[in-house]
Amino acid sequence: MNPNAADDLARLSGPVLSFRENHSAERLLCALQELWRAPDLQSIARIAARAARELTGADGASFVLRDGELCHYVQEDAISSLWQGRRFPMSSCLSGWVMQHRSPAVVDDIALDPRIPSEVYRPTFVRSMAMVPVHARAPLGAIGCYWGSARVATAHEVALLQALADGTAVAMENIVLRECVEKAQARMSELDAATRDLAERCGALADSQRQNDALNELLAHDLRSPAAGILLTARVRLRDQDLPERERRRWSRVLCSAELIQRTAMNLLDTSSRRLGTLVPRLEEIDLTALLEEVAEILEPFAASRGQRIELRPGAPRSCRLRADGGLLRRVLQNLVDNALRHGPALGAVYVEARRLDAPWVEVVVRDEGPGIPVHLRDHIFDRYARLDGQDAGLSSVGRGLGLTFCKLAVEAHGGRIEVRDNEGGGSCFCVLLPA
Ligand SMILES: Nc1ncnc2c1ncn2[C@@H]1O[C@H](COP(=O)(O)OP(=O)(O)OP(=O)(O)O)[C@@H](O)[C@H]1O
Ligand SMILES: [Mg+2]
């Protein structure tokens with residue numbers, strides 16, 4: 001250890017010093033109050049340098065800031081100029097030494113102390129000095145006092161200087177904290193503004209959603225009756241055994257289109273957000289196998305137009321009965337088989353199977369030979385208006401993305417569930433589970 005440092009410590013390791021002179025205590029208190037109110041680092045430097053000089057009666061004082069590995073002489077208050085604005089390496093000046101050792105230094109004659117770079121001090125009035133570290137969690141800087149004559153700074157003077165330096169460290173930390181608080185407040189205001197903006201947008205979105213729903217419902221009401229009229233006419237015409245083949249094909253196309261219009265209108269109505277949760281099934285005893293045959297018959301003309309076939313798979317019990325809303329269940333199956341036909345290849349097949357599972361469940365499975373539903377999109381396709389990307393070609397592009405939303409609502413209103421399963425042969429596999 002530097003012999004001078006040992007001397008410094010020896011001089012300071014006495015009992016805690018009491019303030020003998022009242023006015024130094026008062027001056028220190030004033031300086032501390034000023035420091036803690038200081039708005040910025042520059043003010044702190046000015047207050048600390050002036051107070052250090054006044055407290056010790058020195059001929060000059062300086063406030064030094066640590067700048068990486070350099071000591072920056074930021075501010076001085078002295079009888080003649082010293083080193084204000086200059087930077088020195090920490091290893092070659094006394095302010096660096098006190099910062100590194102976290103300890104005050106007292107130099108009674110600068111010519112004899114090896115820590116002093118004499119060439120820097122020679123042009124100045126300084127002959128003796130005391131320096132204390134400004135230290136918080138890390139060294140922040142130092143405060144030095146200088147005299148024009150060789151003298152030993154008293155323990156009392158060093159204690160006053162160190163108290164001033166400790167108060168300065170608190171003031172510097174306050175500035176950092178204040179900056180953090182100001183930044184946080186600015187960020188909070190930004191967040192508040194963003195939240196208000198978001199709320200406004202949500203409100204506007206909800207308004208437009210309500211308008212959209214109202215329009216959809218109006219459209220659905222307006223479409224339903226004419227579609228029902230066309231369906232009736234087409235069915236009557238198709239019952240005519242003597243209808244020429246060409247006419248039959250035309251009326252079949254009319255039937256398909258009217259059926260699609262009617263189903264879309266009903267889906268629009270039942271999936272409107274004003275009606276969510278209001279779907280109440282009217283339960284009756286129904287024959288599921290007969291219902292499947294009915295669905296196959298309704299969609300048969302559409303399948304035939306693409307050379308497809310709908311196969312009601314053997315294995316289904318000839319009579320599978322359950323309590324359900326026949327109208328809702330028919331529309332669920334129509335939507336699923338319609339999807340299967342649209343996404344399946346021309347000339348392919350769609351398989352529909354109903355099974356009674358362990359009581360009390362009944363399962364209806366609709367399988368196709370199309371591209372299938374990627375695993376990560378299997379939940380998403382039940383969302384309103386959901387359409388899978390890259391499927392915008394041909395027949396698949398006419399949908400509105402409401403069919404499966406309706407299916408889910410209707411099945412869940414029965415206390416059942418609908419899910420997409422892996423189809424071993426490729427293609428999609430939609431499964432409806434209903435309480436029997
Ligand atoms: N069997 C299927 N094979 C492949 N993709 C399917 C199948 N069924 C549904 N999808 C995908 O899920 C999306 C949503 O189906 P959904 O039935 O809800 O709407 P849509 O058929 O597009 O329109 P619509 O409201 O007329 O039914 C479809 O657009 C399609 O991308
Ligand atoms: Mg559909």
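**View 1. A214 is partly exposed, with a relative accessible area of 32%.** Partly exposed lies between buried (under 20% relative accessible area) and exposed (over 50%), using a 1.4 Å probe and protein chains only. A214 sits in helix α6, residues 155-239. Helices (H or I, at least four residues) and strands (E, at least two) are DSSP runs numbered from the N terminus. L28 lies 186 residues from A214 in sequence and 76 Å from A214 in space, C-alpha to C-alpha.

This is a predicted model: local features need pLDDT of at least 70, side-chain atom pairs count only at pLDDT 80 or more, and totals for chains, interfaces and linings use all residues. Residues are numbered from 1 along each chain as its sequence is written, chains are lettered from A and ligands numbered from 1 in the order in which they are written, and side-chain values use heavy atoms, with hydrogens and water left out.

**View 2. Helices α9 and α10 pack at an angle of about 145 degrees.** Helix α9 covers residues 326-343, helix α10 covers residues 403-413, and their axes are 9 Å apart. Axes are lines fitted to C-alpha atoms, for helices over the stretch in contact; angles run from 0 to 180 degrees between N-to-C directions. The crossing of α9 past α10 is left-handed, meaning that the near helix is turned anticlockwise from the far one by less than a right angle. From α9, L328, R331, V332, N335, L336 and N339 meet G403, L404, F406, C407, A410 and V411 of α10. Contact here means heavy atoms within 4.5 Å. By class, this contact has 8 nonpolar, 3 polar and 1 charged residues.

**View 3. Ligand 1 has 18 residues around it.** N339, D368, R400, L402 and L404 come nearest. A residue counts as near if one of its heavy atoms lies within 4 Å. A polar side-chain atom of N339 is 2.8 Å from an oxygen atom of ligand 1. The side chain of R387 places an N or O atom 2.9 Å from an oxygen atom of ligand 1. G401 uses a backbone N or O atom, 2.9 Å from an oxygen atom of the ligand.

**View 4. R102 has a positive phi, near 50 degrees, and is not a glycine.** R102 lies in the loop between α4 (94-101) and β4 (105-107). R102 is exposed, at 54% relative accessible area.

**View 5. L347 also has a positive phi, about 70 degrees, without being a glycine.** The loop between α9 and β10 (349-356) holds L347. This residue is exposed, with a relative accessible area of 66%.

Technical notes: Nonpolar A, V, L, I, M, F, W, Y, C, P; charged D, E, K, R; others polar. Polar contact = N/O pair within 3.5 Å; in protein donor to acceptor, adjacent residues only side chain to side chain.
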